Amino acid sequence: MRYPKECVLKDCREVVIRPLEPGDRVLLDAFHTQIPESNRWLMNYNVMDATVMDNWFASVEKGNIACILSLYDNCVVGQASLYMRNFGATSHVGRFRITVLPEFREKRLGTWLLLDLTQTAMDHGLEILRADLAGDIENDAIGALKKFDFFKYAELEKSIKDYSGNHHDLVIMIKHLHKRWSDF
Ligand SMILES: CC(C)(COP(=O)(O)OP(=O)(O)OC[C@H]1O[C@@H](n2cnc3c(N)ncnc32)[C@H](O)[C@@H]1OP(=O)(O)O)[C@@H](O)C(=O)NCCC(=O)NCCS
């Protein structure tokens, strides 16, 4: 994949997509402050905690996380992170999460990020992409993933608590990967 890459959104704005670089900490921290708290809660790690983010950047360095950013006006407006084990029984599975700033949603940015994340997973030789989502509150994302060949692999009833303490089903969405796009 050639980076940086320019992508045009539905509203004709152009964003740049590129992999995270070690010097992106300030940009990423600023992005996280603009994500609604209810969305941040579902990211499973506290992105507002500097120590957590130090460890997160160390995992990127080690190759356990691959992160793709999208930028507009030199600010991060979306990010896709791929979590890899690199050893053991689940080393063929990549888990991921995509987050887009509210004012950039429904403009196809999530789709651009998902396509690049899928290619990144294929480049790493992964066989399965997995996203864990909250039923009800993330139904939009679940629907969007289905359009890209993901299917509902399992549903664990009432096993997620949202930011307000309400229980939701945990929906595990899976996609099988191939070595090349043409294999699909
Ligand atoms: C989920 C998320 C990443 C989608 O990003 P996005 O930039 O809005 O996505 P896109 O504009 O590319 O939309 C892709 C598809 O999702 C669906 N979709 C997105 N938002 C939707 C909404 N509010 N209502 C209904 N469908 C929606 C549409 O089917 C759309 O396809 P279309 O453009 O062909 O109609 C973004 O909403 C987000 O950051 N949400 C909070 C975090 C989250 O839920 N992450 C999911 C974990 S993977």
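This is a predicted model: local features need pLDDT of at least 70, side-chain atom pairs count only at pLDDT 80 or more; totals for chains, interfaces and linings use all residues.
Strand 3 (65-72) and strand 4 (75-84) run antiparallel and are joined by 8 bridges, with Leu69 standing opposite Gln79 of strand 4. The hairpin of strand 3 and strand 4 has 2 residues between the strands, and Asp73 takes a positive phi near 55° there. Strand 4 is also joined to strand 5 by 7 bridges, again in an antiparallel arrangement, and Met84 has Gly94 of strand 5 as its bridge partner. As for burial, strand 4 is mostly covered, with 8 of its 10 residues buried.

Strand 8 (167-176) pairs in the antiparallel sense with strand 6 over 7 bridges, and with strand 7 (residues 151-161), likewise antiparallel, over 7 bridges. Within strand 8, Val171 is the bridge partner of Leu133, while His168 is the bridge partner of Ile160. Strand 7 and strand 8 form a hairpin with 5 residues between them, and Gly165 in its turn has a positive phi of about 90°.

## The largest nonpolar core

The largest nonpolar core holds 34 residues, of which Ile68, Ala80, Phe96, Ile98, Leu113 and Leu117 touch the most other members. Two or more residues come from each of several elements, among them strand 2 (14-19), strand 3, strand 4, strand 5, helix 4 and strand 8; helix 4 gives the most, with 6 residues. In soluble globular proteins, nonpolar side chains tend to be buried together.

Ala80 illustrates these contacts: leaving aside residues up to four places away in sequence, Ala80 touches Ile68, Phe96, Ile98, Leu113, Leu114, Asp116 and Leu117.

## Helix 3

Helix 3 (residues 50-62) has 13 residues and reaches 18 Å from its first C-alpha to its last, close to the 18 Å expected at 1.5 Å a residue. Helix 3 is hardly covered, since the count of buried residues among its 13 residues is 0. Just after helix 3, Gly63 takes a positive phi of about 90°.

## Surroundings of the ligand

There are 19 residues around the ligand, and Arg105, Gly110, Thr111, Ala141 and Ala144 come nearest. The elements that give two or more residues to this shell are strand 5 (93-100), helix 4 (109-123), strand 6 (128-134) and helix 5 (139-147). In composition, the shell divides into 7 nonpolar, 5 polar and 7 charged residues.

Technical notes: Residues are numbered from 1 along each chain as its sequence is written. A residue is near a molecule or strand if its C-beta atom, placed from the backbone, lies within 6 Å of it. Helices (H or I, at least four residues) and strands (E, at least two) are DSSP runs, numbered from the N terminus. Ala, Val, Leu, Ile, Met, Phe, Trp, Tyr, Cys and Pro count as nonpolar, Asp, Glu, Lys and Arg as charged, and the others, Gly among them, as polar. A nonpolar core is a set of buried Ala, Val, Leu, Ile, Met, Phe, Trp, Tyr and Cys residues joined through C-beta atoms within 7 Å. A residue is buried if 20 or more other C-beta atoms lie within 10 Å of its own, exposed if 12 or fewer, and partly exposed in between; C-beta atoms are placed from the backbone. Two residues are in contact if their C-beta atoms, placed from the backbone, lie within 7 Å. The expected span of a helix is 1.5 Å times one less than its number of residues. Two strands pair if DSSP finds at least two bridges between them.
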